[in-house]
Amino acid sequence: MARKNLPPRRRQRDEEDRLSALPDDMLLHILGRLDTRCALGAGTLSRRWAHVLRELPVLDLKVTDALPPRYRRSLVLRREAKGPIFLPESRQRLIDIAARYERRAMRAMAASVKGLLLTHRRRRVQRLSLEVFAQSSSAACINRLILDAVDSWGVRDLEVVATPPTGPIGRSPPVYRLPRGRISRKPGESRLQSLKLANCLPPPLQGFTALARLVLQDLPDTTPAAVYEGVVTACPRLQVLHLLSCSLARGTSRAVFNAPMSEIRELVIDGHLMAVELRSLPKLESLATLRASVFLGSGAAPRLANVSFVFSVGRLEGHRLAALSCMGRNHIVNMLTGFFKRAVSMTDLVLRFTGPDMWISPSKNPFSLMSNLRRLLVADVPSSWDVSWPHLLIEAAPLLESLYVHVPRCEEDDEHRCQVIVPSTCRRHRYLKELVVIGFHTTDRHLLRLVSFTVQVSMVLRRVALYKHGHVEEKGPCNWEVVSHHSTWSNQEKLTLLDGICSSTASLEVEFD
């Protein structure tokens with residue numbers, strides 16, 4: 001039956017818009033499940049939907065959402081276009097194709113942003129996330145969106161990610177610069193509490209009294225030290241600062257953080273070309289360092305309690321870069337030696353020292369007296385190392401209460417490990433109550449030696465937990481949790497182990513898992 005011949009009641013029922021019959025709360029929930037670009041497109045269907053969209057608490061605009069599958073295929077072909085069989089003209093052609101798609105995507109995103117800005121009704125947005133290409137002619141439009149969001153919409157969480165555009169392989173990607181170098185006309189009235197900038201130079205942040213969390217990521221090796229120093233001194237209420245995969249300008253020795261009025265409590269520094277000197281951060285409680293050099297001044301961080309270090313050193317012998325690796329090892333050891341001498345308030349420590357060759361030894365021992373250390377995790381110990389080396393830490397921490405050692409398991413010949421001579425005499429330890437080893441096997445004589453040494457020197461040891469399989473799960477920059485995977489132990493394995501560690505103390509509890 002043709003539609004025009006339907007009875008009036010039947011025709012009215014078929015033409016009924018059931019979506020429009022939903023309440024505003026339900027429509028807002030449905031539109032909130034879409035990506036922002038699709039949701040804005042849906043808002044053009046009716047005035048009511050456009051009105052509902054103004055209530056969305058989160059806006060997430062990504063230029064990559066407008067890129068077609070052909071763009072990703074062109075990137076794959078570009079990565080594969082190596083070797084003499086590919087002419088430079090072919091590689092340049094692929095770059096030109098990808099760049100054309102990027103320009104189209106930015107124009108589409110700019111059109112969505114302009115449509116968003118045309119509505120004069122006041123919005124209330126809690127979080128705004130933007131992903132753009134670092135080089136674009138639409139920067140002014142994007143900056144106007146940021147200004148309106150911070151000044152008029154009351155945004156509390158702002159994230160700007162500048163994706164490097166496609167260019168010749170090996171060339172340093174461009175960094176994004178905000179037009180006019182600002183994100184607010186009235187920073188003193190801003191509600192901004194959290195700001196993340198990736199591959200984007202930070203604007204002047206003076207006056208942002210509500211800003212408590214700042215993340216800078218992927219800043220290139222042309223970034224002057226003044227950029228990092230400026231954000232510390234400009235934001236006295238800042239409590240969390242993360243510098244992720246950041247670098248210093250070549251020829252700059254280090255950035256100096258000297259802010260006696262700073263409220264920073266958590267600091268994360270990541271980047272092998274990053275060096276920071278802490279002269280005054282009086283409220284600092286947590287410090288995590290990944291590959292970066294950190295120099296601690298005397299009395300610079302009197303409240304520093306939680307510390308995490310991650311370092312890796314290349315081959316020290318039999319390699320063309322062995323001399324460079326030795327220089328890097330000496331630099332790390334000297335830096336750590338000075339740090340531990342001044343970090344007198346440290347109570348929790350996480351160490352992840354890796355590399356093909358063992359670079360911690362009695363002759364290269366950076367651990368001076370750590371008089372307040374209570375809890376220690378030594379994670380990801382390479383199987384090629386003598387994993388009994390944490391005994392150096394037991395000797396350096398007279399108040400240590402808990403020691404955790406994690407050894408990822410892999411096939412390695414135990415006889416070819418580096419050797420560390422455990423001292424035959426050691427002062428008795430009066431506080432060590434707990435030893436947990438993840439990745440323990442009864443055939444590993446180095447781990448057995450560590451457990452035996454700990455049992456012998458500790459006067460109050462109450463718990464020894466040995467896990468064959470497990471891992472360390474990160475809960476934050478300096479927070480972690482041990483997750484064990486259940487394994488079976490035979491009675492023979494248990495008896496052999498107990499005999500090996502000379503466990504004759506009735507009060508000692510040994511857990512097998």
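This is a predicted model: local features need pLDDT of at least 70, side-chain atom pairs count only at pLDDT 80 or more; totals for chains, interfaces and linings use all residues.
A pocket here is an open set of points on a 1 Å grid over the protein atoms alone, with protein on both sides within 12 Å along at least five of seven lines, whereas a cavity is a set of points where a 1.4 Å probe fits but cannot get out; lining residues have an atom within 4 Å of a point. Rolling a probe the size of a water molecule over the atoms shows where empty space is left.

Residues are numbered from 1 along each chain as its sequence is written, and side-chain values use heavy atoms, with hydrogens and water left out.

I start with the largest pocket. Its volume is about 380 Å³, where a volume is the space filled by probe spheres set on the points, and grid points are joined across faces, edges and corners. The lining of the largest pocket consists of 18 residues. Which of them lie nearest its centre? They are His-272, Leu-273, Met-274, Ser-293 and His-331. Two or more lining residues come from each of strand S11 (293–296), strand S12 (306–312) and helix H9 (322–342). Helices (H or I, at least four residues) and strands (E, at least two) are DSSP runs, numbered from the N terminus. H9 gives the most to this lining, with three residues. By class, the lining has nine nonpolar, six polar and three charged residues. For those classes, Ala, Val, Leu, Ile, Met, Phe, Trp, Tyr, Cys and Pro count as nonpolar, Asp, Glu, Lys and Arg as charged, and the others, Gly among them, as polar.

S11 also belongs to an open sheet of three strands, in the order S7-S9-S11 and with parallel pairing. Two strands pair if DSSP finds at least two bridges between them. Strand S7 (255–258) and S11 are the edge strands, each pairing on one side only. On average, neighbouring strands of this sheet are turned by 20° against each other, direction ignored; axes are lines fitted to C-alpha atoms, for helices over the stretch in contact, and angles run from 0 to 180 degrees between N-to-C directions. S7 pairs with strand S9 (residues 275–280) in the parallel sense over four bridges, and Phe-257 has Leu-278 in S9 as its bridge partner.

Next, S12 and its partners. Strand S10 (residues 286–290) runs parallel to S12, joined by five bridges, with Leu-287 opposite Val-307. S12 is joined to S13 by seven bridges, also in parallel, and Phe-309 has Leu-351 in S13 as its bridge partner. From S12 the chain crosses through H9 to S13 in a right-handed β-α-β crossover. Right-handed applies if, with the strands pointing away from the viewer, the path from the first strand over the helix to the second runs clockwise.

Strand S13 (residues 348–354) then pairs with strand S14 (residues 375–378) in the parallel sense over four bridges; Leu-349 has Leu-376 as its bridge partner in S14. S14 and strand S15 (residues 402–406) run parallel, joined by four bridges, and Arg-375 stands opposite Ser-402. Together with helix H10 (residues 391–396), S14 and S15 make a right-handed β-α-β unit.

An antiparallel case is strand S18 (residues 469–474) with strand S19 (residues 480–485), joined by six bridges. His-469 has His-485 in S19 as its bridge partner, and the two strands form a hairpin with five residues between them.

Last, salt bridges. How many does a search of the whole structure find? The search finds 21, a salt bridge being a side-chain nitrogen of Lys or Arg within 4 Å of a carboxyl oxygen of Asp or Glu. One of them joins the side chains of Arg-127 and Glu-159 (2.8 Å, N to O). That pair links distant parts of the chain, 32 residues apart, with Arg-127 in strand S2 (residues 127–133) and Glu-159 in strand S3 (residues 157–163).
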